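Please look over the chain below.

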Amino acid sequence: MRLRARTIESMGIMITSVAEDRSLLPVVQRVTEKLFAGVSQEFSQDDPQQLAIKNTLAQTAFYLKEDFHVIAPQFLSILVKDASVEIKLTQENGDLPSNATTEQKSINFKLRGMEQGMRISINTSELENKIAAFHHIMSVSSAMGTSFEPYIATVLPVLQSHMNFTSKALRKTCLKTFQ
C-alpha cells in the first residue's frame, strides 16, 4: 500500500513539474479521471493511498487550472466531508484496560492529588485527514484562482466553522485559504 501511495505522489510531483507545458493536457486529464475514480472507492481508515490520491488531485489542479472544473464539484464535496469530520477525544480510567481501537493513539497520565490515572485517546488518522482536507481545499482554490468562485459557497461555511478549532495548523490553513 505504501509503495502504491508513493507512486501516486510521484505522479503529482511530475505533473507539477511540467505545469507550464500545456501539450500534456490530454494525458493529465486522463490521469486526473483515473485518480478521481480511485478517490471514490472505499479505503481502510488509515490507508496511505487515499491521502496520496487526494494530494495528487490537488496538485493536478495547478496544471489544469480552470479545466479542473470537470471534477472540482465532486472533489470539493469529498474534501468538505473530510473537513467536517468530528474528531472525538475519549477519556477513560488509565488504570483499567484500554477500550481504544487500533486507529487511536492513547496517552496515559496521572495528576498529582488524583488517585486514578487518566487515559485520553484520539483517532490520529481522522485528524490527519481533516487537516489534509483543509490543505487540499487551499491548494485547489489557489490553483484555480478566480475560477474557484462558484465553489466558495460550498467551502466557506466549513472554513468559518473551523476558525476556532483546537489545531493551530488547521486554523492557519483556514486563514490562508481566505487570502
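## H3 against H5

H3 passes H5 in a left-handed crossing. In this predicted model, the axes of the two helices come within 8 Å and cross at roughly 15°. An angle under 35 degrees counts as roughly parallel, so H3 is roughly parallel to H5. H3 covers residues 48–64. H5 covers residues 124–144.

## Other helix pairs

Two packed helices are described by the angle between their axes and the distance between the axes. The crossing of H5 and H7 is left-handed.

H3 also packs with H2, at an angle of about 150°. The axes of H2 and H3 are 10 Å apart. Here the cut-off is over 145 degrees, so H2 runs roughly antiparallel to H3. The crossing of H2 and H3 is left-handed.

## The largest pocket

How much space lies in the largest pocket? The value is about 400 Å³. Lining this pocket are 16 residues, and the closest to its centre are Glu42, Gln50, Lys54, Lys81 and Asp82.

Three helices, H3, H4 and H5, each supply at least two residues of the lining. The largest share comes from H4, with 4 residues. By class, the lining holds 4 nonpolar, 7 polar and 5 charged residues.

Lys65 sits in the loop between H3 (48–64) and H4 (72–83). Its phi is positive, at about 50°, although Lys65 is not a glycine. Most residues other than glycine have a negative phi.

Is Lys65 buried, exposed or partly exposed? Its relative accessible area is 35%. Buried means under 20% and exposed means over 50%, so Lys65 is partly exposed.

## Lys34, on H2

Lys34 lies in H2, the helix of residues 25–39. The relative accessibility of Lys34 is 69%. Exposed means over 50%, so Lys34 counts as exposed.

How far apart are the C-alpha atoms of Lys34 and Phe62? They are separated by 17 Å. Along the chain, Lys34 and Phe62 are 28 residues apart.

## The chain as a whole

The chain has 7 helices and 3 strands. From the N terminus on, the elements run α-α-α-α-β-β-β-α-α-α. The C-alpha atoms fill a box of roughly 70 × 35 × 25 Å, taken along the principal axes. The chain has 179 residues, and 39% of them count as buried.

Note on methods: Residues are numbered from 1 along each chain as its sequence is written. This is a predicted model: local features need pLDDT of at least 70, side-chain atom pairs count only at pLDDT 80 or more; totals for chains, interfaces and linings use all residues. Side-chain values use heavy atoms; hydrogens and water are left out. Buried means under 20% relative accessible area, exposed over 50%, partly exposed in between (1.4 Å probe, protein chains only). On a 1 Å grid over the protein atoms alone, a cavity is a set of points where a 1.4 Å probe fits but cannot get out, and a pocket is an open set with protein on both sides within 12 Å along at least five of seven lines; lining residues have an atom within 4 Å of a point. Grid points are joined across faces, edges and corners, and a volume is the space filled by probe spheres set on the points. Ala, Val, Leu, Ile, Met, Phe, Trp, Tyr, Cys and Pro count as nonpolar, Asp, Glu, Lys and Arg as charged, and the others, Gly among them, as polar. A crossing is left-handed if the near helix is turned anticlockwise from the far one by less than a right angle, and right-handed if clockwise. Axes are lines fitted to C-alpha atoms, for helices over the stretch in contact, and angles run from 0 to 180 degrees between N-to-C directions. Angles under 35 degrees count as roughly parallel, over 145 as roughly antiparallel, 65 to 115 as roughly perpendicular and the rest as oblique.
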